[in-house]
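Please open the structure in your viewer and keep the selection tool at hand. The tour goes from the whole chain to single pairs of side chains.

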Amino acid sequence: MIRKVKRVLFVVFILFLLNSFVCLQESGSADSKSFLWKVQSETNTVYLLGSIHLFKKELYPLNEKIEEAFDRADLLAVEANIGDTRQMDLQKLIEKAIYLGDDTLEKHVSRETFELIRKRAEGLGLPLELINKQKPWFLGLMFTSVEFLKLGFDPNYGIDKHFLSKADGKKRILELESLDYQINLLSNFNDHDQELFLLLALKDANTQSQEVKELLQAWTSGDVNGLERIMTKSIEEDKRLSSVYDILINDRNKNMASKIADFLKMKETYFVIVGAGHLVGNKGIVEILKAKGYHVEQM
């Protein structure tokens, strides 16, 4: 039983941790704009791709410009190398994702939030007893994962996984963060922020299926502003969620932009993949790099 629980926790985490605030992509023609940027310093070039972590087989091949940029690059940099499962300590993940002993989720969230959870679990056919042992941050990821699977998206065709597979043995792979960093980021939230993260996941799940077409259109047309509006809709509707958004998106944008700036001082060409949500808005990585004086062009 423990082995089964470990396997489920691991799969949910690996596939959906980075899925908050992401968008859905559809293949586009070589002439259309994509969520790919070319960033140049005086001495080097970085290709910066906004990604999703689940995809559909029928949406391949990707835009030619994306594949060509990858082929030109010497190194691949990702948020976390989801292809290297050896770095995941499953026992530590269980300890950070599951309440032990008599402790339960119900003791750590408000009555209103728990009622939302109960209704969502009932609608998905999930036993409340199982749900009640999960910590809010992990439960939010699980709800998100279920919704994406219902929409037909498959983690086996995620864009990150696609390029990690292509790079295996051919290009050096670097991490902007790590799986441990991302686990700790969420699991170290206090009860209040974990509950806000869970509420954000619940709100996004409520509208996901209705917004898929809009998201796809924003991606394929290169509509950065449109994507930002969709991504931040829940934040605009509930300002309480902005603090969690800052931690998960804006603060990480600064750190990742700093590492990309370091890449631009090197001599090798980098192909960098981050969640698409990190590239939009005036606090996104694209605008941060522009403010640092780099030439940034959407391709």
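What follows is a series of stops, each with something to select and a description of what is there.

**Before the first selection**

This is a predicted model, in which local features need pLDDT of at least 70 and side-chain atom pairs count only at pLDDT 80 or more, while totals for chains, interfaces and linings use all residues. Residues are numbered from 1 along each chain as its sequence is written, and side-chain values use heavy atoms, with hydrogens and water left out.

**The whole chain**

Show the chain as a cartoon, and you will find 13 helices and 6 strands; helices (H or I, at least four residues) and strands (E, at least two) are DSSP runs, numbered from the N terminus. Of the 299 residues in the chain, 56% are buried, where buried means under 20% relative accessible area, exposed means over 50%, and partly exposed lies in between, with a 1.4 Å probe and protein chains only. Among contacts between residues at least 6 apart in sequence, 85% join residues at least 24 apart, a contact being heavy atoms within 4.5 Å.

**The sheet**

Now select strand β3 (residues 75-78), which runs parallel to β4 and is joined to it by 4 bridges. Across this pairing, L76 has I173 as its bridge partner in β4, and A77 has L174. Strand β3 also runs parallel to β5, again with 4 bridges, and there L75 stands opposite Y270. Which residues cover the two faces of β3? L75 and A77 lie on one side and L76 and V78 on the other, and all of these are buried.

Move to β6, which pairs with strand β1 (residues 36-40) in the antiparallel sense over 4 bridges, with V39 standing opposite V296. In β6, V296 and Q298 make up the covered face, whereas H295 and E297 make up the uncovered one.

Select helix α2 (residues 64-72) together with helix α7 (residues 159-167), whose axes come within 12 Å and cross at roughly 35°. The crossing of α2 and α7 is right-handed, meaning that the near helix is turned clockwise from the far one by less than a right angle. If you show side chains here, you will see I66, E67, F70 and D71 of α2 meeting H162, F163, K166 and A167 of α7. The residues of this contact divide into 4 nonpolar, 1 polar and 3 charged; Ala, Val, Leu, Ile, Met, Phe, Trp, Tyr, Cys and Pro count as nonpolar, Asp, Glu, Lys and Arg as charged, and the others, Gly among them, as polar.

**Salt bridges**

A search of the whole structure finds 9 salt bridges, each being a side-chain nitrogen of Lys or Arg within 4 Å of a carboxyl oxygen of Asp or Glu. Select E268 and R172, whose side chains form one of them at 4.0 Å, N to O. What does this pair tie together? E268 lies in the loop between α12 (242-263) and β5 (270-275) and R172 in strand β4 (residues 172-175), so the pair ties together parts that are 96 residues apart in sequence. E268 is partly exposed at 37% relative accessibility, and R172 is partly exposed at 49%.

Then select K265 and D262, which meet in a salt bridge at 3.8 Å, N to O; K265 is exposed, at 60%, while D262 is partly exposed, at 36%. Another salt bridge joins E287 and K290 at 3.5 Å, N to O, and these two residues both lie in helix α13 (residues 285-291), 3 residues apart, or about one turn of the helix. Finally, select E79, E177 and R252, which are linked in a network of salt bridges.

**A last stop in α12**

Methods: Two strands pair if DSSP finds at least two bridges between them. Axes are lines fitted to C-alpha atoms, for helices over the stretch in contact, and angles run from 0 to 180 degrees between N-to-C directions.
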